[in-house]
Amino acid sequence: PIGWSRTSSTAPRRTAADLREVLDRVSSGEARLTSDEALALFQGADLFDLGEAADRVRARIHPNRVVSYIVDRNVNYTNVCDAYCLFCAFYRPPGDEEGYVLSRDEIHAKIRETIEAGGVQVLMQGGLHPDLPFSYYEDLVRDIKANFPIHLHAFSPPEVLKMCEVSGLGLREVLERLRAAGLDTIPGGGAEILTDRVRKRASRLKCSAADWLSVMREAHKVGMRTSATMMFGLGDEFGDRVEHLEKLRQLQDETGGFQAFIVWTFQPMHTRYPLPSPGGIDYLRTLAISRLYLDNVRNLQASWLTQGHKIGQMALRFGANDFGSTLMEENVVRAAGVTRRTTEDELRRLASELGFTPRRRDCYYQYLE
């Protein structure tokens with residue numbers, strides 16, 4: 001079982017010299033960052049000291065000075081959802097006139113366009129639809145894999161748990177049947193903050209932190225690789241973020257199945273959640289500490305989508321080694337008012353300006369050029 005004691009949130013503050021000593025030890029690989037140390041770094045470390053330490057860790061793990069990225073597309077097969085998360089502007093409740101389920105022809109057209117543009121992956125996620133039977137997902141995966149040479153990165157843990165709920169099947173059976181149908185890997189969506197204190201406030205009908213972790217554990221056991229995520233700014237405290245990172249690191253120690261970690265900030269526009277989005281400094285601080293804490297996760301993505309190109313570029317010096325996706329299509333964050341777009345040429349330019357070599361990759365972080 002993965003446990004956590006919130007008493008660490010009362011740990012005394014450390015001096016600047018103490019914090020620099022922690023950063024030196026952790027960035028050199030001499031010791032693991034502890035939860036109390038991570039909390040102290042959140043509370044008092046100099047931002048640029050954090051960035052320098054995270055950059056040393058990135059250089060130690062990725063000495064080739066490559067920044068990777070993937071050409072893919074998000075396909076949101078439905079926006080119907082009965083989780084009613086306060087921070088989501090994308091979903092529509094069951095029966096809403098704006099609710100949709102994409103037709104098979106529409107999905108085919110999106111995938112065909114992706115392949116024609118050089119894309120190698122489809123990230124497919126949707127709402128928690130109460131009326132789609134499990135056969136819908138199995139048939140959809142089989143159909144896509146039968147018709148297209150594309151990597152299918154699909155169905156976040158809350159979606160998988162919804163399949164279990166609707167079908168009455170156990171978690172292991174659902175995952176094994178999805179894998180047998182052709183599902184390649186599972187995205188890390190739906191994690192937000194992996195503490196039930198925050199989840200009960202922001203998404204009380206969505207799965208618990210333990211349930212999210214259980215899906216990932218079982219997926220790793222059946223041989224599927226997954227990603228892990230964090231969306232912060234939901235009223236979480238620094239201690240909540242540290243707890244989130246600790247739970248991910250413990251599970252990665254156990255299974256080794258996470259191939260990447262992506263952190264981004266809550267985007268409030270058009271949502272029902274009355275909090276502002278965290279700024280770029282908070283994002284860079286959280287990213288750097290994530291790189292220091294998650295010493296067993298090789299790849300960290302920079303979130304140019306929520307932070308913009310300049311902060312996204314700075315993230316490459318705060319621990320990130322990957323630019324994520326060119327995002328030919330993205331609907332969930334866009335529904336919250338974020339309209340940033342990029343091109344492959346732009347991502348390559350941003351990486352090159354900092355002296356990195358940009359390279360395309362696949363979902364397993366293998367270079368394609």
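A crossing of two helices is left-handed if the near helix is turned anticlockwise from the far one by less than a right angle, and right-handed if clockwise. Helices (H or I, at least four residues) and strands (E, at least two) are DSSP runs, numbered from the N terminus. The model is predicted: local features need pLDDT of at least 70, side-chain atom pairs count only at pLDDT 80 or more, and totals for chains, interfaces and linings use all residues. Residues are numbered from 1 along each chain as its sequence is written, and side-chain values use heavy atoms, with hydrogens and water left out.

Start with helix α2 (residues 35–44) and helix α10 (residues 238–255). Their axes come within 9 Å and cross at roughly 140 degrees. Axes here are lines fitted to C-alpha atoms, for helices over the stretch in contact, and angles run from 0 to 180 degrees between N-to-C directions. The angle makes α2 oblique to α10. The cut-offs are these: under 35 degrees counts as roughly parallel, over 145 as roughly antiparallel, 65 to 115 as roughly perpendicular, and the rest as oblique. The crossing of α2 past α10 is right-handed. On the α2 side, the contact is made by Ser 35, Ala 38, Leu 39, Phe 42 and Gln 43. Phe 238, Gly 239, Arg 241 and Val 242 make it from α10. Contact means heavy atoms within 4.5 Å.

Helix α10 also packs with α9. Their axes are 11 Å apart, at an angle of about 20 degrees. That makes α9 roughly parallel to α10. This crossing, too, is right-handed. From α9 come Ala 209, Trp 212, Leu 213, Met 216, Arg 217 and His 220. They meet Lys 247, Leu 248, Leu 251, Glu 254 and Thr 255 of α10.

Now the aromatic side chains. A pair of aromatic rings is described by the distance of the centres and the angle of the planes. Rings of Phe, Tyr and Trp (its six-membered ring) pair if their centres lie within 6.5 Å; planes under 30 degrees apart count as stacked, over 60 as edge-to-face and the rest as tilted. By this rule there are nine aromatic pairs. One of them joins Tyr 137 and Phe 155 edge-to-face, at 5.5 Å centre to centre with 90 degrees between the planes. Tyr 137 lies in helix α5 (residues 134–147) and Phe 155 in the loop between β4 (151–154) and α6 (157–167), so the pair ties together parts that are 18 residues apart in sequence. Both residues, Tyr 137 and Phe 155, are buried. Buried means under 20% relative accessible area, exposed over 50%, and partly exposed in between (1.4 Å probe, protein chains only).

Trp 212 and Phe 258 give another pair. Their ring centres are 6.4 Å apart and their planes stand at 20 degrees, so the pair is stacked. Trp 212 belongs to helix α9 (residues 209–221) and Phe 258 to strand β6 (residues 258–265), so this pair ties together parts 46 residues apart in sequence. Trp 212 and Phe 258 are buried. Elsewhere, ring pairs link Tyr 77, Tyr 136, Tyr 137 and Phe 155 into a cluster.

Charges meet rings as well. A charge sits over a ring if NZ of Lys or CZ of Arg is within 6 Å of the ring centre and within 35 degrees of the ring normal. Arg 249 places its charged end over the ring of Tyr 293, 4.0 Å from the centre.

Tyr 365 lies in the segment after β9 (357–360). At 12% relative accessibility, Tyr 365 counts as buried. Arg 65, also not a glycine, has a positive phi of about 55 degrees. Arg 65 is in the loop between α3 (47–61) and β1 (66–70). At 32% relative accessibility, Arg 65 counts as partly exposed.

Ser 290 is in helix α11 (residues 280–293). At 0% relative accessibility, Ser 290 counts as buried. Not counting residues up to four places away in sequence, Ser 290 touches Leu 245, Phe 261 and Leu 300. Ala 181 is in helix α7 (residues 171–181) and is buried, with a relative accessible area of 10%. The C-alpha atoms of Ala 181 and Glu 138 are separated by 6.0 Å, although these residues are 43 apart along the chain. Leaving aside neighbours within four places in sequence, Ala 181 is in contact with Glu 138, Val 141, Arg 142 and Lys 145.
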